[in-house]
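Let's take a walk through a protein model together. Keep the picture beside you as you read, and look up each residue when its name comes along.

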Amino acid sequence: MLDALTVAISVTALALAAWCGYAAYRDQPTKDWHFIGMAVVTVLALVQLVVGIVRLAGGDEPAQGTTIFVAYLIGALATVPSAGVLSLAERTRWGSATVAAGAVLLAVLEVRLYDIWGG
């Protein structure tokens, strides 16, 4: 896959995690700016999903199997929006902590995607 895209998603996800973690530390819920950050990370994950499917359609094969690769791509796309929805339900500092945890999880999923592809 595209190494630069994987690194970009990981870095932006970790930046979002630090930002929301700081908000949780300051006892603040998620705010509109946090949701803009979540949208940026989600758009990058969506681009990665499209690129991954195009590469698969072009004949490229992941080292550890197509099914697990596609499942991880879909999971990576769903992680941050799911955490965002949960943060709307929990309008305390724990909502921000949930988004921070989801963003860290996305960064870990990116490392695993890189490994699945054969990096």
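A residue is called buried when its relative accessible area is under 20%, and exposed when that area is over 50%, with partly exposed in between. Keep in mind, too, that this is a predicted model.

Start with leucine 16, which you'll find in helix 1, the stretch covering residues 3-25. Is leucine 16 buried or exposed? Its relative accessibility is 3%, so leucine 16 counts as buried. Now see who surrounds it: setting aside residues up to four places away in sequence, leucine 16 touches His34, Gly37, Met38, Val41, Val80, Val99 and Ala103. Leucine 46 sits 30 residues away from leucine 16 along the chain, and 17 Å separates their C-alpha atoms.

Next, follow the chain into the loop between helix 1 and helix 2, where aspartate 27 lies. Aspartate 27 isn't a glycine, yet its phi is positive, at about 65°.

Trp19, Trp33, Ile36 and Val40 together make a nonpolar surface patch of about 450 Å². Which helix gives the largest share of this patch? Helix 2 does, with 3 residues. Tryptophan 33 is found in helix 2, and it counts as exposed because its relative accessibility is 61%. Leucine 16 had 3%, so it landed on the buried side.

Now for the aromatic rings. How many aromatic pairs does the structure hold? There are 2. One of them joins phenylalanine 69 and tryptophan 117 in a tilted arrangement, with 5.0 Å from centre to centre and 45° between the planes. The pair links distant parts of the chain: phenylalanine 69 belongs to helix 3 (residues 66-89), tryptophan 117 belongs to helix 4 (residues 93-117), and the two are 48 residues apart. Both phenylalanine 69 and tryptophan 117 are buried.

Arginine 93 lies over the face of tryptophan 94, at 5.4 Å from the ring centre.

Back in helix 3, look for threonine 79. Its relative accessible area is 11%, so threonine 79 is buried. What does threonine 79 contact, once its neighbours within four places in sequence are left aside? The answer is Gly102, Leu105, Leu106 and Leu109.

Let's finish with charges. Side chains of opposite charge can pair when their charged atoms come close. A search of the whole structure turns up 2 salt bridges. In one of them, aspartate 60 pairs with arginine 55, and their closest N and O atoms are 2.6 Å apart. Aspartate 60 has a relative accessible area of 29%, so it is partly exposed. Arginine 55 also counts as partly exposed, because its relative accessibility is 27%.

Arginine 112 forms a salt bridge too, with aspartate 115, and here the closest N and O atoms are 2.8 Å apart. Both residues lie in helix 4, where they are 3 residues apart, about one turn of the helix. Arginine 112 is partly exposed because its relative accessible area is 25%. For aspartate 115 the relative accessibility is 39%, so that residue counts as partly exposed as well.

Conventions: Residues are numbered from 1 along each chain as its sequence is written. This is a predicted model: local features need pLDDT of at least 70, side-chain atom pairs count only at pLDDT 80 or more; totals for chains, interfaces and linings use all residues. Side-chain values use heavy atoms; hydrogens and water are left out. Patches are made of residues with over 30% relative accessible area and no salt bridge: like charges are joined within 9 Å, nonpolar side chains (Val, Leu, Ile, Met, Phe, Trp, Tyr) within 5 Å. Accessible areas come from the Shrake-Rupley method with a 1.4 Å probe; for residues, only the protein chains shown count as cover. A salt bridge is a side-chain nitrogen of Lys or Arg within 4 Å of a carboxyl oxygen of Asp or Glu. Helices (H or I, at least four residues) and strands (E, at least two) are DSSP runs, numbered from the N terminus. Buried means under 20% relative accessible area, exposed over 50%, partly exposed in between (1.4 Å probe, protein chains only). Rings of Phe, Tyr and Trp (its six-membered ring) pair if their centres lie within 6.5 Å; planes under 30 degrees apart count as stacked, over 60 as edge-to-face and the rest as tilted. A charge sits over a ring if NZ of Lys or CZ of Arg is within 6 Å of the ring centre and within 35 degrees of the ring normal. Contact means heavy atoms within 4.5 Å.
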